[in-house]
Amino acid sequence: MNLEVLNGMLRPKSIAVIGASNKEGKIGYTVLKNLFADGYSGEVYPINPKDKEVQGLKAYSSVLDVPGEIDAAVVIVPAKFIPQVAEECGKKGVKGLIIIASGFSEVGRKDLEQAVVDTAHQYDMRVLGPNIVGILSNSDNCNASFAPCLPLPGKAALVSQSGALLIAMDTSTYTRRVGFDKMISIGNMSDVNFGDLVEWLDADENTACMSFYIEGLKDGRHFMRAAREAHKPIVALKSGVSAHGAAAAASHTGSLAGSGKIYEAALEQAGVIRAADLNNLFDRTLALSLQPPMQGDNMLILTNGGGVGVLATDAAERAGLPLRFAPEDVQTELKKHMPEFGSARNPVDLTGMAGVEWYHDTVRYSFAHPWVDGLAVLYCETAMTIPQEIAESIKQAIDESGVTGKPITVSFVGGEQSEAAMQWLLEQGIPAYDAPDTAVNALAALREFAQGRDTMAKPFVPFNDVDEEAARAVIAEARADGCRNLTEIESKAVFKAYGLPVAQTRLATSEEEAVRLAEQIGYPLVMKIVSPDILHKSDAGGVKVGIKNAAEVRETYHTILKSVRAYKPAADLHGVAIQEMAPWGTEVILGSVNDPTFGPAMMFGLGGIFVEILKDVTFRVAPVSPEQGLKMLSDIKAGAILAGARGEAPRDRAALADILSRYSQMIVALEDEVAESDANPVLVYEEGQGAIVVDARIILKKK
Ligand code: ACO
């Protein structure tokens with residue numbers, strides 16, 4: 001991506017306001033006024049076909065009449081004129097169009113939007129929007145928007161898909177005391193999307209943390225790649241969980257994927273920190289923009305009140321970071337700074353008697369202790385203490401500790417004095433909150449940031465013992481026969497080409513052949529109908545298990561054909577599969593879909609009621625490494641069963657993780673062919689005994 005062009009658009013040295021107006025109450029009036037009011041020092045060129053002067057500035061009837069260069073054009077004219085405006089801007093050499101106007105794809109005019117983007121690209125211009133509020137940048141004193149003011153200065157950057165929300169957040173930065181350097185409204189994302197902005201903001205010297213409000217991504221893979229490569233934290237509030245594709249899906253995986261789980265998975269895989277709601281987005285942004293990541297799980301809480309300590313403990317658990325007791329040496333030292341009835345475990349309760357000195361000494365000692373990975377300091381305003389003095393003692397202790405690579409958050413619960421003390425702490429770069437659970441949740445966000453980096457440190461490495469050619473040959477043959485539903489035998493052949501362990505299965509087209517294959521494979525056996533027209537074989541009476549001898553093979557061969565013919569007379573029957581009967585193990589399910597935003601994605605869950613009723617499944621965007629595969633196993637609620645619950649031997653999770661990783665490679669490599677697939681069931685045995693795909697299914701894409 002050309003960061004220079006985006007730089008021109010988002011940190012412009014000169015701006016044309018196309019549709020600048022003298023009429024108060026018009027957006028074209030407000031945008032121009034905002035540029036002056038907030039002190040923008042670059043060149044500003046109002047463009048208006050009728051007025052020679054706008055708000056005291058010389059106006060031009062077209063950008064082509066402007067004598068100087070123009071970096072960005074803010075476009076505030078009705079949509080129908082914008083293709084022409086884009087053409088003129090292109091000729092002028094403008095770098096980017098910031099299109100505030102609505103009336104494009106959001107109202108069904110995708111054609112108009114595309115025409116503007118096509119023209120822009122012809123001239124190497126980028127397009128932000130349309131249907132946006134504009135851009136705001138404190139470091140450039142640039143308010144090229146109709147938001148009321150520049151936000152409270154700070155180190156975060158907000159990118160919002162909702163213009164209204166951006167405006168609302170803009171003014172509330174002052175009451176919430178969360179500082180932003182930039183706010184960018186992204187609207188319809190006709191061209192510039194979240195992925196582009198991750199790359200640009202990661203390189204921007206004034207941004208420490210990216211804070212996103214996302215309704216839907218356009219190029220999910222680009223976003224994931226950019227987010228993974230970013231060095232700065234990204235915190236996102238994702239709304240509008242989509243049910244796209246769910247209704248049309250032919251498989252379990254498809255219907256389960258419709259619940260937004262793929263979005264959740266994709267954001268997690270990309271290392272994006274999630275915000276639960278708008279407040280949480282602000283709170284987490286504050287900590288992430290001011291403090292370093294938390295490198296381990298050991299959070300220590302210091303407090304002068306038992307109640308806030310308990311609230312904080314609950315919050316830590318909810319945020320997935322349960323508190324651990326501090327080690328003996330830490331407890332022994334901390335006990336020196338509290339009365340007999342205090343507690344040095346964790347939370348460390350200094351009691352209501354705690355004053356400036358105790359706070360100072362315990363903060364200083366704990367922050368420097370190697371066991372402590374992050375510190376949450378809580379304070380309830382008492383008549384025996386002055387909040388500002390407590391705040392200063394905390395800051396002094398942190399400075400004296402000499403530690404810079406660890407995070408701290410603070411909560412003061414109290415009145416005006418506490419408010420003022422927190423304001424002071426924020427000015428010192430220490431995130432301060434008015435509730436203990438918020439301070440702890442913010443610290444957990446800093447832990448999530450570090451964890452995301454850890455996960456991404458072990459990327460997927462493709463297996464090289466795979467035979468893509470063989471897999472494609474099976475698919476080509478099925479296509480030649482006009483089939484989109486591969487039979488079990490064909491599906492297993494594709495799986496096998498990717499090194500997936502499949503139960504031996506052969507096709508018999510006569511009773512004699514069935515017996516011969518049965519003798520070769522050995523008893524007991526399973527026999528199943530093979531037909532591209534029968535997806536649910538058991539329902540059609542097309543499956544028999546536990547066949548023990550040749551006589552049963554002969555009889556079953558006929559019974560199966562008869563049942564299936566009765567069930568679906570027109571079905572194309574290829575024959576009967578003779579399959580080794582794998583010993584029973586723990587039943588799990590793998591499935592894949594092609595997500596419209598993220599491409600090939602996979603699901604994992606335990607079989608039976610776990611997937612059918614409890615919907616206890618986890619998703620990932622493919623591919624996944626075996627390490628990420630292992631994480632999938634523990635992600636599901638029933639994961640403990642695989643780990644060996646209630647005296648059962650642990651299952652072979654390493655073999656299963658390997659299967660997940662190979663399967664993910666398969667669905668990515670065959671993305672152009674495979675629409676959906678599943679392995680159901682896969683039987684998993686005790687540790688060291690492996691796992692086997694008993695049944696497999698692949699549905700090809702329509703071509
Ligand atoms: N070049 C330059 N100026 C032009 C051109 C042109 N090609 N064509 C028209 N103009 C001038 C007009 O003469 C007018 O100037 P004037 O005020 O001196 O008469 C000015 O540009 C604006 O044109 P109007 O036709 O008066 O259009 P209006 O201002 O009523 O509306 C607007 C334009 C604001 C772009 C409107 O079409 C629109 O899209 N509104 C919605 C914007 C919006 O809400 N966007 C973000 C959504 S996010 C959220 O929901 C918060």
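This is a predicted model: local features need pLDDT of at least 70, side-chain atom pairs count only at pLDDT 80 or more; totals for chains, interfaces and linings use all residues.

Visitor: At what angle do α14 and α15 pack?

Guide: About 25°, with the axes 8 Å apart; α14 covers residues 387-401 and α15 covers 416-427. Angles under 35 degrees count as roughly parallel, so that's what α14 and α15 are to each other. The crossing is right-handed.

Visitor: Which residues make the contact?

Guide: From α14 you've got Pro387, Gln388, Ala391, Glu392 and Lys395, and from α15 Gln417, Ser418, Ala420, Ala421, Trp424 and Leu425. By type, six are nonpolar, three polar and two charged.

Visitor: OK, on to α10 and α16. How are they packed?

Guide: Helix α10 (278-290) meets helix α16 (436-456) at about 60°, and their axes are 9 Å apart. That makes the pair oblique, and the crossing is right-handed.

Visitor: And which residues meet there?

Guide: On the α10 side, Asn280, Asp283, Arg284, Ala287 and Leu288; among those on α16 are Thr438, Asn441, Leu446, Glu448 and Phe449. The whole contact splits into seven nonpolar, three polar and three charged residues.

Visitor: Now the glycine. Where does Gly542 lie?

Guide: In the loop between β21 (525-530) and β22 (543-547).

Visitor: Is Gly542 buried or exposed?

Guide: Buried, because its relative accessibility is 0%.

Visitor: What does Gly542 touch?

Guide: Leaving out residues up to four places away in sequence, Gly542 touches Met527, Lys528, Ile529, Lys537, Ile560 and Val564. Ser563 is 21 residues away from Gly542 in sequence, with a C-alpha to C-alpha distance of 6.9 Å.

Conventions: Residues are numbered from 1 along each chain as its sequence is written. Side-chain values use heavy atoms; hydrogens and water are left out. Helices (H or I, at least four residues) and strands (E, at least two) are DSSP runs, numbered from the N terminus. Buried means under 20% relative accessible area, exposed over 50%, partly exposed in between (1.4 Å probe, protein chains only). Contact means heavy atoms within 4.5 Å. Axes are lines fitted to C-alpha atoms, for helices over the stretch in contact, and angles run from 0 to 180 degrees between N-to-C directions. Angles under 35 degrees count as roughly parallel, over 145 as roughly antiparallel, 65 to 115 as roughly perpendicular and the rest as oblique. A crossing is left-handed if the near helix is turned anticlockwise from the far one by less than a right angle, and right-handed if clockwise. Ala, Val, Leu, Ile, Met, Phe, Trp, Tyr, Cys and Pro count as nonpolar, Asp, Glu, Lys and Arg as charged, and the others, Gly among them, as polar.
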